[in-house]
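Please look over the sequence and the model below before reading on. The report that follows takes up the aromatic rings, the strands and the nonpolar cores in turn.

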Amino acid sequence: MEASTHVSLLAQPPRRGSGPVRPAYAKYDDVLVFYRDVLGLPVLAQWRGHQGYDGVVFGLPGTPVHMELLQHGDPPRIPEPHPENQLVLYLRGPEAVAAAVRRLAEHGHSPVPSANPYWPEHGAVLFADPDGWQVVLAPWVFGEESPPAA
(Lines give C-alpha, C1' and ligand atoms only; values in the text may rest on other atoms or scores of the structure.)
Protein backbone atom coordinates (compact mmCIF):
# COMPACT_ATOMS: atom_id res chain seq x y z
CA MET A 1 0.00 0.00 0.00
CA GLU A 2 1.18 3.50 -0.72
CA ALA A 3 2.47 5.35 2.31
CA SER A 4 -0.44 7.80 2.14
CA THR A 5 -2.95 4.92 2.04
CA HIS A 6 -1.18 3.12 4.84
CA VAL A 7 -1.19 6.19 7.07
CA SER A 8 -4.97 6.06 7.20
CA LEU A 9 -4.96 2.35 8.10
CA LEU A 10 -3.01 2.35 11.34
CA ALA A 11 -5.19 3.63 14.11
CA GLN A 12 -3.42 2.92 17.37
CA PRO A 13 0.18 2.00 18.07
CA PRO A 14 1.00 -0.96 20.28
CA ARG A 15 1.11 0.17 23.90
CA ARG A 16 4.49 0.34 25.59
CA GLY A 17 5.44 -3.15 26.67
CA SER A 18 3.13 -4.92 24.22
CA GLY A 19 4.36 -7.12 21.42
CA PRO A 20 7.50 -9.20 21.30
CA VAL A 21 10.63 -7.90 22.94
CA ARG A 22 13.52 -9.35 21.04
CA PRO A 23 17.07 -8.12 20.96
CA ALA A 24 18.06 -9.45 17.54
CA TYR A 25 16.83 -10.72 14.20
CA ALA A 26 17.97 -13.79 12.32
CA LYS A 27 16.99 -12.12 9.04
CA TYR A 28 17.53 -8.45 9.90
CA ASP A 29 17.44 -7.12 6.33
CA ASP A 30 14.32 -9.15 5.49
CA VAL A 31 12.64 -7.90 8.68
CA LEU A 32 13.37 -4.31 7.61
CA VAL A 33 11.83 -4.95 4.18
CA PHE A 34 8.76 -6.55 5.82
CA TYR A 35 7.96 -3.63 8.11
CA ARG A 36 9.18 -0.84 5.78
CA ASP A 37 8.20 -2.00 2.28
CA VAL A 38 5.45 -4.56 2.84
CA LEU A 39 3.58 -3.07 5.82
CA GLY A 40 4.53 0.43 4.69
CA LEU A 41 5.76 1.86 7.99
CA PRO A 42 7.84 5.00 7.36
CA VAL A 43 11.50 4.88 8.43
CA LEU A 44 12.38 7.83 10.67
CA ALA A 45 15.98 6.78 11.39
CA GLN A 46 18.27 3.87 10.59
CA TRP A 47 21.86 2.96 11.52
CA ARG A 48 24.40 0.15 11.28
CA GLY A 49 27.30 -0.48 13.60
CA HIS A 50 26.65 2.41 16.00
CA GLN A 51 28.59 1.29 19.09
CA GLY A 52 27.82 -2.30 18.07
CA TYR A 53 24.10 -1.73 17.40
CA ASP A 54 22.08 -1.91 14.20
CA GLY A 55 18.65 -0.33 14.34
CA VAL A 56 15.73 1.30 12.63
CA VAL A 57 12.96 3.54 13.96
CA PHE A 58 9.57 3.22 12.26
CA GLY A 59 6.86 5.84 12.53
CA LEU A 60 3.42 4.59 13.41
CA PRO A 61 1.29 6.79 11.15
CA GLY A 62 -1.13 9.21 12.74
CA THR A 63 0.54 9.04 16.15
CA PRO A 64 3.50 10.58 17.95
CA VAL A 65 4.61 7.04 18.87
CA HIS A 66 7.34 5.08 17.10
CA MET A 67 8.51 1.47 16.97
CA GLU A 68 12.23 0.69 17.10
CA LEU A 69 13.93 -2.56 16.12
CA LEU A 70 17.44 -3.14 17.48
CA GLN A 71 20.05 -5.84 17.43
CA HIS A 72 23.42 -6.11 19.13
CA GLY A 73 26.29 -8.55 19.18
CA ASP A 74 28.39 -10.49 16.75
CA PRO A 75 26.61 -12.77 16.30
CA PRO A 76 23.46 -11.39 17.95
CA ARG A 77 21.53 -13.64 20.34
CA ILE A 78 18.43 -14.78 18.44
CA PRO A 79 15.46 -15.96 20.55
CA GLU A 80 13.04 -18.48 19.09
CA PRO A 81 9.70 -17.03 17.97
CA HIS A 82 6.65 -18.14 19.93
CA PRO A 83 3.04 -17.97 18.63
CA GLU A 84 1.90 -16.02 21.70
CA ASN A 85 4.54 -13.28 21.38
CA GLN A 86 2.90 -10.95 18.90
CA LEU A 87 2.93 -7.42 17.58
CA VAL A 88 -0.70 -6.27 17.31
CA LEU A 89 -1.60 -3.50 14.87
CA TYR A 90 -5.10 -2.13 15.40
CA LEU A 91 -6.51 -0.98 12.05
CA ARG A 92 -9.63 1.02 11.24
CA GLY A 93 -12.11 -1.69 10.26
CA PRO A 94 -12.30 -4.81 8.10
CA GLU A 95 -11.60 -2.83 4.91
CA ALA A 96 -8.25 -1.68 6.33
CA VAL A 97 -7.37 -5.25 7.28
CA ALA A 98 -8.38 -6.47 3.81
CA ALA A 99 -6.14 -3.82 2.20
CA ALA A 100 -3.19 -4.85 4.39
CA VAL A 101 -3.84 -8.55 3.65
CA ARG A 102 -3.87 -7.82 -0.11
CA ARG A 103 -0.58 -5.92 0.16
CA LEU A 104 1.05 -8.73 2.14
CA ALA A 105 -0.23 -11.31 -0.38
CA GLU A 106 1.18 -9.22 -3.26
CA HIS A 107 4.58 -9.53 -1.56
CA GLY A 108 4.28 -13.31 -1.21
CA HIS A 109 3.09 -13.51 2.42
CA SER A 110 0.23 -15.76 3.52
CA PRO A 111 -1.80 -15.65 6.72
CA VAL A 112 -0.71 -17.97 9.53
CA PRO A 113 -2.96 -19.78 11.99
CA SER A 114 -3.51 -18.20 15.38
CA ALA A 115 -2.76 -20.20 18.52
CA ASN A 116 -5.23 -17.95 20.34
CA PRO A 117 -8.81 -18.33 19.00
CA TYR A 118 -9.62 -14.78 20.17
CA TRP A 119 -8.01 -13.17 17.12
CA PRO A 120 -9.82 -15.02 14.29
CA GLU A 121 -13.09 -14.95 16.27
CA HIS A 122 -12.90 -11.14 16.13
CA GLY A 123 -11.83 -10.80 12.50
CA ALA A 124 -8.08 -10.39 12.97
CA VAL A 125 -5.62 -11.89 10.49
CA LEU A 126 -2.09 -12.99 11.44
CA PHE A 127 1.09 -13.02 9.40
CA ALA A 128 4.63 -14.05 10.29
CA ASP A 129 7.48 -11.63 9.71
CA PRO A 130 10.67 -13.04 8.13
CA ASP A 131 11.96 -14.20 11.53
CA GLY A 132 8.70 -16.04 12.27
CA TRP A 133 7.29 -13.53 14.80
CA GLN A 134 3.57 -12.98 14.43
CA VAL A 135 1.95 -9.69 13.44
CA VAL A 136 -1.77 -9.43 14.20
CA LEU A 137 -3.90 -7.15 12.01
CA ALA A 138 -6.97 -6.39 14.15
CA PRO A 139 -10.00 -4.67 12.57
CA TRP A 140 -10.86 -2.26 15.40
CA VAL A 141 -9.25 0.65 17.17
CA PHE A 142 -8.20 -0.43 20.64
CA GLY A 143 -9.70 1.87 23.26
CA GLU A 144 -12.12 3.49 20.80
CA GLU A 145 -14.20 0.55 19.63
CA SER A 146 -15.16 -2.87 20.91
CA PRO A 147 -13.84 -5.87 18.98
CA PRO A 148 -16.27 -7.19 16.35
CA ALA A 149 -18.62 -9.81 17.76
CA ALA A 150 -17.38 -13.37 17.68
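## A cluster of rings

Which residues do ring pairs link into a cluster? The cluster consists of Tyr 90, Tyr 118, Trp 119, Trp 140 and Phe 142. This is a predicted model, in which local features need pLDDT of at least 70 and side-chain atom pairs count only at pLDDT 80 or more, while totals for chains, interfaces and linings use all residues. Residues are numbered from 1 along each chain as its sequence is written, and side-chain values use heavy atoms, with hydrogens and water left out.

A search of the whole structure finds seven aromatic pairs, where rings of Phe, Tyr and Trp (its six-membered ring) pair if their centres lie within 6.5 Å, and planes under 30 degrees apart count as stacked, over 60 as edge-to-face and the rest as tilted. One of them is the tilted pair of Tyr 90 and Phe 142, with 5.2 Å from centre to centre and 40° between the planes. Because Tyr 90 lies in strand β5 and Phe 142 in the segment after β7, this pair ties together parts that are 52 residues apart in sequence. The rings of Tyr 118 and Trp 119 have centres 5.2 Å apart and planes at 80°, so this pair is edge-to-face.

These residues can also be described by their accessibility, where buried means under 20% relative accessible area, exposed over 50%, and partly exposed in between (1.4 Å probe, protein chains only). Tyr 90 is buried at 12% and Trp 119 is buried at 8%, whereas Phe 142 is partly exposed at 34% and Tyr 118 is partly exposed at 30%.

## The open sheet

Helices (H or I, at least four residues) and strands (E, at least two) are DSSP runs, numbered from the N terminus, and two strands pair if DSSP finds at least two bridges between them. Three strands form an open sheet with antiparallel pairing, in the order β2-β3-β4. Since β2 and β4 (66–72) stand at the edges and each has a single partner strand, one side of each is left without a neighbour in the sheet.

Strand β2 (residues 43–50) pairs with strand β3 (residues 53–59) over five bridges in the antiparallel sense, and Trp 47 has Gly 55 in β3 as its bridge partner. Two residues lie between the strands of this hairpin, in which Gln 51 takes a positive phi near 50°. On the way to β4, seven bridges join β3 to its antiparallel partner, with Val 57 standing opposite Glu 68.

## Two nonpolar cores

A nonpolar core is a set of buried Ala, Val, Leu, Ile, Met, Phe, Trp, Tyr and Cys residues joined through side-chain atoms within 4.5 Å. The largest such core has 24 residues, and those with the most contacts inside it are Tyr 35, Phe 58 and Leu 137. At least two residues of this core come from each of α2 (28–38), β3, β4, β5 (86–91), α3 (94–106) and β7 (134–138), and α2 gives the most, with six residues. A second, separate core of eight residues includes Val 88, Tyr 90, Trp 119 and Leu 126.

In α2, the buried residues include Tyr 28, Val 31, Leu 32, Phe 34, Tyr 35 and Val 38, and just after this helix Gly 40 takes a positive phi of about 80°. Leaving aside neighbours within four places in sequence, Leu 137 is in contact (heavy atoms within 4.5 Å) with residues including Leu 89, Val 97, Leu 104 and Phe 127.
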